[in-house]
Amino acid sequence: MALELRKTGLSVLGKVPWGTHFCHFYENKQDLLDTVVPYLKTGLESKELCLWIVSNPHPITIDEARRALAQAVPDLDRHFSAGNIEILDALDWYLEDDPFRLEKVMNAWKAKLEQALALGYEGLRVSGDTFWLREKDRKDFCAYEKQVNDSLTQRRITILCTYPLAKSEAAEILDVLNVHQFATARRQGEWQAIQNPESIQANVEVRRLNEELKRIVKKTPQRPLILRYGVAVLAVTVALIINRLLQLHLVGAPAMLFLCAIMFSAWYGGVKPSLLAIPLAVVAFAYHFVTPINSWSVDVRELPRLLLFVMSALFVISLSAAQRRAAESLRHARDVLAGTVEELKRSNQALRNENTERKHAEARLHAKEQEFRAIVENAPDLIARYDREFRRTYVNPAFYKLYDLPTEALIGKPMFSIIRDAGLDVKEDKLAQIRKGFATVFDTGKSYEFEITLPIPSGRRDYSVRVFPELDLNGAVNNVLSIARDITESKRAEEELKKEKEVLEKIFENIPVMIGFVGKDGRIKLVNPEWERSMGWTLKELQDQNVDIF
């Protein structure tokens, strides 16, 4: 199995290897969509065949799943037409013929994966929801998840299994965790639990090193063939010579020495050379040490003796071969162990450095967040933060004090929810225009300004609003911040000043005396109509002449 890393689309996970099988616990429909939609969107971008198994109609229907995915993937219709993604009903997939059948579902997954690879996809990306799961199917489904974890995860597939927290008891959660590689959880838009991504990367590294070790063991160089068989012949010959020299002095020496020769052949050359040594040893043993001696014929009474010798030789070969394989494995394991340990040390140190950098970044982020809160929580302006779904993730005290609402009534709620819930009078086209402006900030990363009159419990107030993008570490817009300043009094002052100006202009025009105003530079700035009536000069003519007439 390839150990290349694949993007998950989930910021808390980053990348995972092929064969990842993990579970996710969600609290509500929105938390489920916030996890599965970016996961599948990234799969489409990575040229993977995507499959979404939804528990239609709860918590979402197939149509709701498709609409939610369409908001993140503009060309989703093209992907459906090309067959790049399928959204299926869980009951049709898992319970086509009630009851749940483990083997049938496993075969269906394997067929889907083979289909994806045959069509040229990088692999298969799956998300399957379990809201549909019935109590009577839990035991079989848990066995199914374990089999998935043990078999399909060795292939080019990533599997995300989603479980509703509301239907998961403590014992069931433990069972789920035991049959998945790791777990994540999301509640009310916040990630509550996740295995450390560094440990996931470390597991990937360990798996890679294990596979490297297996390849090294398989590639162990063999001694030359002629040398291995030559040593077998030589060993039997040496045993024969020693027996000829010592047969008068050592009782039982022939059989023991030939067995030693066969054992040496098995240790040095392997099973096949030692099997060659057996007939050579039998011939030498029978010719020189079994009656009649130095004759190619063998007494029938000596056959049990020869058979016992052959069986002993085969037993010795099997033991020697097993010992040789174990010794070779240990030797090669020892050869790579030092390198493996060093590489693990380097990986561990790199992870520690990355963890240290992450902690420093988190500390800096925390300091910035504290600085941010110190400023905005004491500001008189209305300040709110919105995510990509246009839901509030933060409001400052001035915001919720204005509406006299608790924080929980504002956080996590969509834009304009207060106005709509209270039935206040605001034009929908104006709200749609503002929402479009927020979307533009997410798309372009540029700020957006507008003015709006909002109905509040104490009356209507005018606000000047500016929307800023907030960027993540990669420079992408992940939130926007809106700052609304109350300009009601200044707007009223402008209106009053405008009215006063209009009154003065009317009075000024009807005065029968020539009146003019001169600036600091000595130029005429303003004259009333009486100038033109009496002198025949317009204001422009007077300014062009720049004459001191006063």
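Mentor: Helices here are DSSP runs of H or I with at least four residues, strands are runs of E with at least two, and both are numbered from the N terminus. The model is predicted.

Trainee: Which residue is joined to P57 by a cis peptide bond?
Mentor: P57 is also found in the loop between strand 4 (49-54) and helix 2 (62-72). Omega is about 5 degrees for the cis bond there, and the partner of P57 is N56.

Trainee: Is K47 buried or exposed?
Mentor: K47 is found in the loop between helix 1 (29-45) and strand 4. Its phi is near 60 degrees, a positive value in a residue other than glycine. Exposed requires over 50% relative accessible area. K47 has 61%, so it counts as exposed.

Trainee: Is F390 buried or exposed?
Mentor: F390 lies in the loop between strand 10 and strand 11 (392-395). Phi of F390 is near 60 degrees, positive although the residue is not glycine. Buried means under 20% relative accessible area. F390 has 10%, so it is buried.

Trainee: How many salt bridges does a search of the whole structure find?
Mentor: Some are linked in a network, namely those of D34, D387, E389 and R391. For the whole structure, the number of salt bridges found is 22.

Trainee: How many residues apart are D150 and K146?
Mentor: D150 forms a salt bridge with K146, and the closest N and O atoms are 3.0 Å apart. D150 is partly exposed at 48%, and K146 is partly exposed at 44%. Residues three or four places apart in an α-helix point the same way, because there are 3.6 residues a turn. Both D150 and K146 lie in helix 6 (residues 138-150), and their separation, about one turn, is 4 residues.

Trainee: How far apart in sequence are the parts tied together by E470 and R385?
Mentor: E470 forms a salt bridge with R385, with the closest N and O atoms 2.7 Å apart. E470 lies in strand 13 (residues 459-471) and R385 in strand 10 (residues 382-386), so the pair ties together parts whose separation in sequence is 85 residues.

Trainee: Are E470 and R385 buried or exposed?
Mentor: The two form a salt bridge. The cut-off for buried is under 20% relative accessible area. Both E470 and R385 are buried.

Trainee: Which helix holds K491?
Mentor: E451 forms a salt bridge with K491, the closest N and O atoms being 3.6 Å apart. The pair links distant parts of the chain, 40 residues apart: E451 is in strand 12 (residues 448-456), and K491 is in helix 16.

Trainee: What is the relative accessible area of E494?
Mentor: E494 is found in helix 16 (residues 488-510). With E495, E496 and E500, E494 forms a negative surface patch. E494 counts as exposed because its relative accessible area is 53%.

Trainee: What span does helix 11 reach from its first C-alpha to its last?
Mentor: Helix 11 (residues 271-289) has 19 residues. Its buried residues include P273, A277, A281 and F285.

Definitions and conventions
Residues numbered from 1 in each chain as written. Predicted model: local features only at pLDDT ≥ 70, side-chain atom pairs only at ≥ 80, totals over all residues. Heavy atoms only, no water. Expected span 1.5 Å × (residues − 1). Buried < 20%, exposed > 50% of the residue type's maximum accessible area, 1.4 Å probe, protein only. Patch = residues over 30% accessible without salt bridge, like charges linked within 9 Å, V, L, I, M, F, W, Y side chains within 5 Å. Areas by Shrake-Rupley, 256 points an atom, 1.4 Å probe, with all protein chains shown as cover. Salt bridge = Lys/Arg side-chain N within 4 Å of Asp/Glu carboxyl O. Lys, Arg positive; Asp, Glu negative; His and termini not counted. Charge placed at Lys NZ, Arg CZ, Asp CG, Glu CD.
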